[in-house]
Each structure stands twice: as C-alpha cells, then as structure tokens.
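Subject: Structure handover

Dear colleague,

The structure is passed on to you below. Notes on what was found in it follow directly after.

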Amino acid sequence: MPIQKTEGIILRRQDLRETSIVLTFYTRDFGKIKGIVRGVRGPRAGFAGGAFEVFALDDIIFYERKSGDIFTISQCDLSDYFAPIRESLEKLSYAGYVVELLDSITSPGDKNSDIFRLLHNSLKLLSGDSSPRRVARIFEIKLLALAGLMPGLDRCVNCGIPAESNFRFSLHHGGLLCRACLDTDRMAVSILPGTVKFMEHVRSSTFERAAMVKVSSEVGRELETLLRRYLDYHIERRLKTVQFMKELFA
Ligand SMILES: [Zn+2]
C-alpha cells in the first residue's frame with residue numbers, strides 16, 4: 001500500500017509510550033483505520049490545535065507499516081474541531097455516544113463513505129441548535145440501515161404480509177410481526193404507528209430532510225427505548241456512554 005491521503009474523524013485516542021498516540025479514525029475512503037502518530041506528546045511536541053482530540057475532523061496522510069494492522073500517520077491537519085460540541089456537556093455526551101456506537105458496529109477495513117458522511121453530518125448538526133436527542137435517533141436509524149441491520153418495518157418479518165397497525169415489534173426477528181406469527185416470539189413488544197413511520201421516513205430520506213421531522217414526546221420516548229433495546233440486542237458490547245447519559249439526562 002503506497003502513501004495514502006484522506007479525511008477522517010477521530011473515534012478514539014490512546015496514549016502510547018512517552019511521546020506517541022494511537023488514533024482510531026473513521027475515514028472517508030478507507031473506513032475505520034488505526035494509526036500511530038509519533039512525537040506529539042511531551043515537552044518537545046508542537047502545537048496541534050486540537051487535531052488529536054476525539055471527533056476532530058482531520059486531513060491525514062498515512063502508510064502501512066511492516067507488521068500489524070496499525071498504520072503510521074505522517075501528517076494530521078485539523079479541518080474541523082466542532083468547538084460548540086466541546087462547550088456543552090450534553091452535546092459532548094451525545095457526540096461521545098455517536099462515535100462509540102459507530103466504533104462498536106464497524107470493523108477495520110469495511111469502508112463506507114456514506115457512514116463517514118453520516119458521522120460528519122451528525123457532528124455538524126450537534127454543533128448547531130438541533131436537539132441532541134433527535135440527532136442521536138437519526139444517527140442510530142441511518143447507521144442501522146447503512147450497516148445492513150435495519151429492522152423490517154413494511155411487512156411481517158416471518159410470513160411477509162404487509163404491515164398493519166396491530167403488528168408488534170420483535171427484537172429477535174429484527175422487525176414487525178403480525179398477530180398470526182406472534183407465537184414465534186412471545187417477547188415481541190407493542191409499537192406505535194408513529195414510531196414505525198418515523199423510522200421508515202429517516203431511513204428513506206436524506207439526512208437533511210430527516211433532521212427536520214418532529215415527533216410527539218410519546219413517539220420520541222418509544223423510539224429511544226426501542227432503538228436502545230434493538231442496538232443492545234444486535235451489538236454484543238454494551239456501550240459505556242449509554243449508562244453515563246442515563247444518569248445525566250434522565
Ligand atoms: Zn406474519
């Protein structure tokens with residue numbers, strides 16, 4: 001692999017030895033990559049202006065090392081710091097949740113420029129006046145769709161008959177179940193038509209249009225609970241930020 005150039009958003013930062021750090025990026029052209037940046041800590045390190053902070057957007061130049069799957073990052077220039085996010089504990093927590101969720105759902109090497117754009121758009125929206133809760137719900141739904149994990153909402157996932165308002169939601173089957181198929185999952189839960197409508201709308205429209213849709217507080221609460229349970233069911237690792245936010249913004 002020759003020297004590569006792309007832009008990426010930092011998902012994670014780990015300090016390594018005395019002067020180096022390991023950064024995990026979600027990049028536009030290469031998906032998730034991990035790379036070492038040398039000489040950026042300690043007394044002789046130059047001023048990087050936030051380029052190495054979590055969820056900074058950077059222009060990076062990197063190349064493969066002889067061994068392992070960690071790259072060497074030779075250049076890392078800050079493109080956007082998303083400053084407003086860092087000035088609010090609520091925005092900061094939601095941005096932390098968004099990058100942790102993305103990190104847990106993606107594997108190194110799976111490249112998807114739509115996922116990069118989704119992350120970038122979500123951070124831009126979190127920097128503005130949008131409700132962080134709404135940004136998180138849109139991010140979750142769009143990420144599920146892009147990762148091929150979107151629940152089936154237009155018909156019964158077991159027998160295929162078109163969806164009606166009396167269908168229930170099955171975590172196990174990953175979508176709606178009709179009354180005749182309820183025997184296949186006794187744990188299926190009720191779901192509001194507004195919740196189904198919102199999820200379908202977010203999945204099928206652009207990020208900008210999805211961000212403008214408002215929902216009732218009842219649907220908002222159900223979306224939050226249902227998506228949380230669905231994500232926990234489909235992601236093996238429990239997310240650290242979820243418990244933290246529960247305590248902070250309940
Ligand atoms: Zn059915």
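Strand E6 (residues 168–170) pairs with E8 in the antiparallel sense, over two bridges. Strands and helices here are DSSP runs, E of at least two residues for strands and H or I of at least four for helices, numbered from the N terminus. Two strands count as paired if DSSP finds at least two bridges between them. Within this pair, Arg168 stands opposite Ser190 in E8. The pair belongs to an open sheet of three strands, in the order E7-E6-E8 with antiparallel pairing. Strand E7 (175–177) and strand E8 (189–190) are at the edges with a single partner strand each, so one side of each has no neighbour in the sheet.

Before the rest, two notes on the source. The model is predicted: local features need pLDDT of at least 70, side-chain atom pairs count only at pLDDT 80 or more, and totals for chains, interfaces and linings use all residues. Residues are numbered from 1 along each chain as its sequence is written.

Overall

The protein has eight helices and eight strands. Its C-alpha atoms fill a box of roughly 70 × 40 × 30 Å, taken along the principal axes. Of the 250 residues, 30% are buried, where buried means that 20 or more other C-beta atoms lie within 10 Å of the residue's own (exposed is 12 or fewer, partly exposed is in between, and C-beta atoms are placed from the backbone). Two residues are in contact if their C-beta atoms, placed from the backbone, lie within 7 Å. Among contacts with a separation of 6 or more, 54% are between residues 24 or more positions apart.

Domains

The protein is divided into domain 1 (4–81) and domain 2 (91–249); such bounds come from an automatic or database domain assignment. The centres of the two domains, taken over C-alpha atoms, are separated by 30 Å. Domain 1 and domain 2 each bring 17 residues to the contact. On the side of domain 1 that touches domain 2, strand E1 (4–16), strand E2 (20–27) and strand E3 (31–37) each supply at least two residues. E3 gives the most to that side, with four residues.

The barrel

Five strands close into a barrel in the order E1-E2-E3-E5-E4, with mixed pairing. From one strand to the next the twist averages 50°. Axes are lines fitted to C-alpha atoms, for helices over the stretch in contact, and angles run from 0 to 180 degrees between N-to-C directions.

A hairpin joins E2 to E3 through three residues, and the two strands pair in the antiparallel sense over seven bridges. Phe25 has Ile33 in E3 as its bridge partner. Five of the seven residues of E3 are buried, so this strand is largely enclosed by the rest of the structure. E3 also runs parallel to E5, joined by two bridges, and there Ile36 has Thr72 in E5 as its bridge partner. Strand E4 (residues 57–63) and strand E5 (residues 71–80) run antiparallel and are joined by seven bridges, with Asp58 opposite Leu78 in E5.

Helices across the strands

Helix H2 (residues 89–105) lies across E1 and E2, at about 100° to E1. Helix H3 (residues 113–127) lies across E1, E2 and E4, at about 105° to E2. H3 has 15 residues and reaches 21 Å from its first C-alpha to its last, close to the expected 21 Å; the expected span is 1.5 Å times one less than the number of residues. The buried residues in H3 are Ile115, Phe116, Leu118, Leu119, His120, Ser122, Leu123 and Leu126.

Two positive phi values

Phe55 has a positive phi of about 55° although it is not a glycine. This residue lies in the loop between E3 and E4 and is buried, with 24 other C-beta atoms within 10 Å. Phe82, also not a glycine, has a positive phi near 50°. Phe82 lies in the loop between E5 and helix H1 (83–86) and is buried, with 20 other C-beta atoms within 10 Å.

Regards
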